[in-house]
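Work through the exercises below with the structure in view, and try each task before reading its solution.

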Amino acid sequence: MLTEGDIERIAQRIATGYGPLVVGTFGSYAIGAAKPRSDLDLFVIKRTPQQPAARRKAISRLLFGVLHPLDIHVFTPEEFEEDVSEELSFSWVIARQARIYYWTDAAARATPSLTARTRG
């Protein structure tokens, strides 16, 4: 299993190498239910013209050598916010489970649905 420090180091690699607005986790690690075989569900929000597959590939390259299963989702702010208020949509679930590891000042304006997750 990953430790909190492991997750923080993974998030920092993404923040340093990719320049996102937000890096966070959702799923079992975010809600405290991870088991030894749990993957780490990551979400990244970045202003980018890249297609979704290219975004995931860029993050995967940054995390080469991480010997733990990862499930990576990269959104633009518009994509994330588009259906975040639609109950049970993917971004709705992420917004309710999110554990934020990297947050920029610009993220508050771009992803208001996550602002409450950055407090306390």
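**Exercise 1.** Determine which hand the crossing of helix 1 and helix 3 has, and which residues meet there.

*Solution.* The crossing of helix 1 and helix 3 is right-handed, a term used if the near helix is turned clockwise from the far one by less than a right angle. Helices (H or I, at least four residues) and strands (E, at least two) are DSSP runs, numbered from the N terminus. Contact means heavy atoms within 4.5 Å, and here Arg13, Ile14, Gly17 and Tyr18 of helix 1 meet Arg55, Ala58, Ile59 and Leu62 of helix 3.

The model is predicted, and local features need pLDDT of at least 70, side-chain atom pairs pLDDT 80 or more, while totals for chains, interfaces and linings use all residues. Residues are numbered from 1 along each chain as its sequence is written, and side-chain values use heavy atoms, leaving out hydrogens and water.

**Exercise 2.** Work out the strand order of the open sheet, and find its edge strands.

*Solution.* The open sheet has 4 strands in the order 3-2-1-4, with mixed pairing, where two strands pair if DSSP finds at least two bridges between them. Strand 3 (70-75) and strand 4 (99-103) are the edges, each pairing on one side only. Strand 1 (residues 22-26) and strand 2 (residues 40-45) pair in the antiparallel sense over 5 bridges, and Phe26 has Asp41 in strand 2 as its bridge partner.
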